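Please look through the following briefing with the sequence and the 3D view side by side. It begins with the whole chain and then moves to the sheet, the helices and the cores.

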Amino acid sequence: MKTILTNRWPGIIMTLSFAVITVACGRSAPLQDGSAVASAPTAAWVTAFNAGDPAALAAVYAENARSLPPGGPALTSRSQIESYWRGDLGEGGLTTTLTPVDAIAAGDLVHVEGTYQVKGKDDAELASGQYQQLWTRAGEAWQVQREMWRIDPALHRETDVAERLTSAWTTAYNASDPKALLSLYADDAALSTVQEGTINGKPAIETFWVGDFGATKPSSTLTLTDVYVVGELAHLEGDYKVADSGKITQGRYIQLWMRDSSGWRIHREMWWR
């Protein structure tokens, strides 16, 4: 993680590692404010919902999208998501408002966090809460890849889970053990940094961490500021601090963990200052 902050690999190592990452994982643009990028996809989602059209709404999701509705089991495909919205929309007449409050873009990824409100035919409020959506670009179109909806965030803190995952990551990082660190990532994980853009897949992520550790042994402290765990998804957000050869650097991070039969794995991760 010190590369995210200091970008000070020894010359030849930095040049070679940079080239490997660029070629192997298709480096994209650095992290940036995603508000402008998120506006059109958000409007498309709202339009389909307000039209009471579950097929049109499902069409904005990737085929392998995963959605977590509040209080329900994970939906793991576009067809399951369509069935859910068909039941949720019922006979129609519902309208929703999505209000993004934070959006971060990196190449073909945009992560949106915001609030939602649902009203019935008589304009009475039926539900409200918060949501997270991870959109990916497929050609010229944006599709929802992962999302979670929550009514009351306080009900889904599960700080013990969050602290356990954070501890596992920190222990591996502070041991300067790229293999142990890599074991915490899914095969299709994506790691985004300000300097390197988006790094896709475990081989490229391993190359990144090997170069990041270099000849020193940096130590990291992660401080959670927002936790949301529901079903098989865990959204962790917080501050990080890295100490390396007497230099302290700091920033923010977001991790999206998912649980499968082998345990929890990081699927999406963003680091920035």
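The model is a predicted one, and its chain has eight helices and twelve strands.

**The chain as a whole**

- Of the 273 residues in the chain, 51% count as buried.
- Among contacts in the chain with a separation of 6 or more, 59% are made by residues 24 or more positions apart.

**The six-stranded sheet**

- Six strands form an open sheet in the order β8-β7-β12-β11-β10-β9, and their pairing is mixed.
- At one end of the strand order, β9 pairs with β10 in the antiparallel sense over eleven bridges, and Ser219 stands opposite Ala243 in β10.
- β7 and β8 also run antiparallel, joined by four bridges, and they form a hairpin with three residues between them; in this pair, Ser192 stands opposite Thr198 in β8.

**Helices packed on the sheet**

- Helix α6 lies across β7, β9, β10, β11 and β12, and it runs at about 155° to β9.
- Helix α8 packs on the sheet as well, where it touches β7, β8 and β12, and its direction makes about 50° with that of β7.
- The twelve residues of α8 should span 16 Å at 1.5 Å a residue, and this agrees with the 16 Å that separates its end C-alpha atoms.
- α8 is mostly covered, since nine of its twelve residues are buried; they are Lys202, Ala204, Ile205, Glu206, Phe208, Trp209, Gly211, Asp212 and Phe213.
- After α8 comes Gly214, which has a positive phi, near 55°.

**The nonpolar cores**

- The largest nonpolar core holds 30 residues, and those touching the most other members are Trp169, Leu181, Tyr185, Leu191, Ile205, Trp209 and Trp257.
- At least two residues of this core come from each of α6 (159-174), α7 (178-182), β7 (185-193), α8 (202-213), β9 (219-230), β10 (233-244), β11 (247-260) and β12 (263-272).
- The largest share of this core is supplied by α6, with six residues.
- Ile205, one of the buried residues of α8, is in contact with Leu182, Tyr185, Ala189, Ala190, Leu191 and Ile199, leaving aside its neighbours within four places in sequence.

**Helix α3**

- Helix α3 (residues 35-50) has 16 residues and reaches 22 Å from its first C-alpha to its last, which is close to the 22 Å expected at 1.5 Å a residue.
- Its buried residues are Ala38, Pro41, Thr42, Trp45, Val46, Ala48 and Phe49.
- In an α-helix there are 3.6 residues a turn, so residues three or four places apart point the same way.
- α3 is followed by Gly52, whose phi is positive, near 65°.

Methods
Residues are numbered from 1 along each chain as its sequence is written. This is a predicted model: local features need pLDDT of at least 70, side-chain atom pairs count only at pLDDT 80 or more; totals for chains, interfaces and linings use all residues. Side-chain values use heavy atoms; hydrogens and water are left out. A nonpolar core is a set of buried Ala, Val, Leu, Ile, Met, Phe, Trp, Tyr and Cys residues joined through side-chain atoms within 4.5 Å. Buried means under 20% relative accessible area, exposed over 50%, partly exposed in between (1.4 Å probe, protein chains only). Contact means heavy atoms within 4.5 Å. The expected span of a helix is 1.5 Å times one less than its number of residues. Two strands pair if DSSP finds at least two bridges between them. Axes are lines fitted to C-alpha atoms, for helices over the stretch in contact, and angles run from 0 to 180 degrees between N-to-C directions.
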